[in-house]
Amino acid sequence: MIYQLKVQLKHTRPPVWRRLLVPGEMTFAELHRVLQAAFGWMDQHLHTFYMTKVGGTARLRIEIGNEAAGWDGADYDEREETIGQWFVEEGDRAQYVYDFGDMWEHDIVLEKIVDPIPDALYPCCIKAVRAGLEEDSWGEVRGVDEEISPAKLTARVNAALAPFQRKAVGEKGEAKETKRVASKGRTEEVERDVWKTLFDRALAYRDLAPWTWMDDDHIFAVAAPDGESLYCTVIGALGQEYGLVIYIGEEGYMCLQDILSGTLHPKDAVFQERALLVSLAPRNHLERDDKALLRKHHIPVSGKQLLPMFRSFVPGYYPWFLSEEEAAWAAMALEQAVVVAERLRGGELALAAFSRGNRLFARVAERREDGLHWRDGWVPRPKAKKKETSALDIGTDELAKAKTLERAPLFVEFSVAYVNRPIQERRSERPYFPLLALAADAASGVILHHQVFRGQTDAKTLQQSFLAFARALGCVPSHVRVTKEHGPLLAPLLRELGVNMSTGPTPRSDEVRQLFEQFAI
């Protein structure tokens, strides 16, 4: 797509401005060179960009800087960020600052997004008004030269842009297309048809609005052709959030059951869910990459219609954008959700009766020579696996050293749990939720030990975390209270160390964890 930008040099009378057409895949580093040519600057000074309005929402200045020149304080690198990622809606704005001495500020406004003209060259200038100023001239210039006509000046600017011009990337007839599906510079190659199908089915699901007659306990399964079982529930009956949640495999289903039974608090579900969320939300709830993806598929983001937004949930990780495989699962689930919902509304199906006993109603995929076919069927209802007794998962040498520590008459609360402060170590990586290990004196509430790290809440992690606490304290407490869930995982180690263990709430640790989530940077 081609982005029409109006760029105006501030603090000049009369105003100096350019109207430019640039391709959406152009990076901000390339835009810098275009602006230098368009305004007649000589690129002798430092520069940076600030996004001030993204997706129709005003922002505190987000800096997209020139890290190649050692400008490492920016939020993003101009070599990695593209115009199409940040300019999403008409009216989105940025500021280009050139020469931090004279501080030449250029306002950039997205006027519209248009289809490329076949064989046309971009970037190009369609109107230029008033010549630019000279380098290092701030404080000397009160007005600008108006003698040159806009037509002549536009031709001059296009001549300066000629070294940067090329034909726009075509969108038809390509097997694949690069889609921006994650923030901070990450791109993925995904099949065009997968995403087109996903959006088409999400819009059909939205228009059907099955939440008006279905509840979130109307669970049905979709047996995908790759053997994966998808457990689906419609959300929106309460009028708060509309969409479809797709729980993946046995792990996902058991999480759903824990949520519905009340054994898993909704705020903690984000740490444990293996699911996909198809959310239908107003445009101000969408991130810039969601809006960019919608525009790539020619779905308008203006108006009051609910718009599709997709997220992947993986235990221990922050909700993220879908992979190609997940997009295919979501498309299949949406298609079958429409089928099930229409049959339920028509009285042909009664999920409350069918979802009984040890099996669930399912739509089952079968691959045939002429394509994919669907039929009604049943799948076993997943059951919670009997928890095996945890083993000691500590090395012999580590255990021997721990046994040499002094025993202290302390009653300690000990817990290891995720905190909702996601960490992204690299821009291209999915953020993760860190684990916070806490040990507190059960009587006074004094924090004896804390440790933030990346990992899973398994037996090895808990046992190693407890040993780290004991080494830091210089002794082994006589009594430890842990949660009911973590008791079986820690018991083998605590028995070896001769520590009395009880299970129950850990209020001191919970309070500190909440404070950590609230104030940690």
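## Exposure and the model

A residue is buried when its relative accessible area is under 20%, exposed when over 50%, and partly exposed in between, using a 1.4 Å probe and protein chains only. Histidine 285 is exposed, with a relative accessible area of 52%. Histidine 285 lies in the loop between β16 (275-281) and α7 (288-296). Helices here are DSSP runs of H or I with at least four residues, strands are runs of E with at least two, and both are numbered from the N terminus. The C-alpha atoms of histidine 285 and methionine 309 are 9.1 Å apart, and the two residues are 24 apart in sequence.

The model is predicted: local features need pLDDT of at least 70, side-chain atom pairs count only at pLDDT 80 or more, and totals for chains, interfaces and linings use all residues. Residues are numbered from 1 along each chain as its sequence is written, and side-chain values use heavy atoms, leaving out hydrogens and water.

## Aromatic pairs

Rings of Phe, Tyr and Trp (its six-membered ring) pair if their centres lie within 6.5 Å; planes under 30 degrees apart are stacked, over 60 edge-to-face, and the rest tilted. The count is 18 aromatic pairs. One is phenylalanine 49 with tyrosine 96: their ring centres are 4.9 Å apart and their planes stand at 35°, so the pair is tilted. This pair links distant parts of the chain, 47 residues apart: phenylalanine 49 is in strand β3 (residues 47-54) and tyrosine 96 in strand β6 (residues 93-98). Phenylalanine 49 is buried at 0% relative accessibility. Tyrosine 96 is buried, also at 0%.

Tryptophan 320 and phenylalanine 321 have ring centres 5.5 Å apart and planes at 70°, so this pair is edge-to-face. Both residues are buried. Ring pairs also link Phe28, Phe49, Phe87 and Tyr96 into a cluster.

## Charges over rings

A charge sits over a ring if NZ of Lys or CZ of Arg is within 6 Å of the ring centre and within 35 degrees of the ring normal. The charged end of lysine 6 sits over the ring of tryptophan 17, 4.5 Å from its centre. The charged end of arginine 18 sits over the ring of phenylalanine 39, 4.8 Å from its centre.

## Nonpolar cores

In soluble globular proteins, nonpolar side chains tend to be buried together. A nonpolar core is a set of buried Ala, Val, Leu, Ile, Met, Phe, Trp, Tyr and Cys residues joined through side-chain atoms within 4.5 Å. The largest has 50 residues; Leu198, Tyr205, Phe220, Leu244 and Ile246 have the most contacts inside it. Helix α8 (residues 324-345) gives the largest share of this core, twelve residues. Another core, of 45 residues, lies apart from it and includes Leu256, Ile394, Phe453 and Leu489.

Contact means heavy atoms within 4.5 Å.

## Helix α5

Gly249, Gly252, Tyr253, Cys255 and Leu256 are buried in α5. Seen down the axis, they fall within an arc of 160° (taken from the directions from the helix axis to the C-beta atoms), so they line one face of the helix. They pack against β14 (229-235), β15 (242-248) and β18 (359-368).
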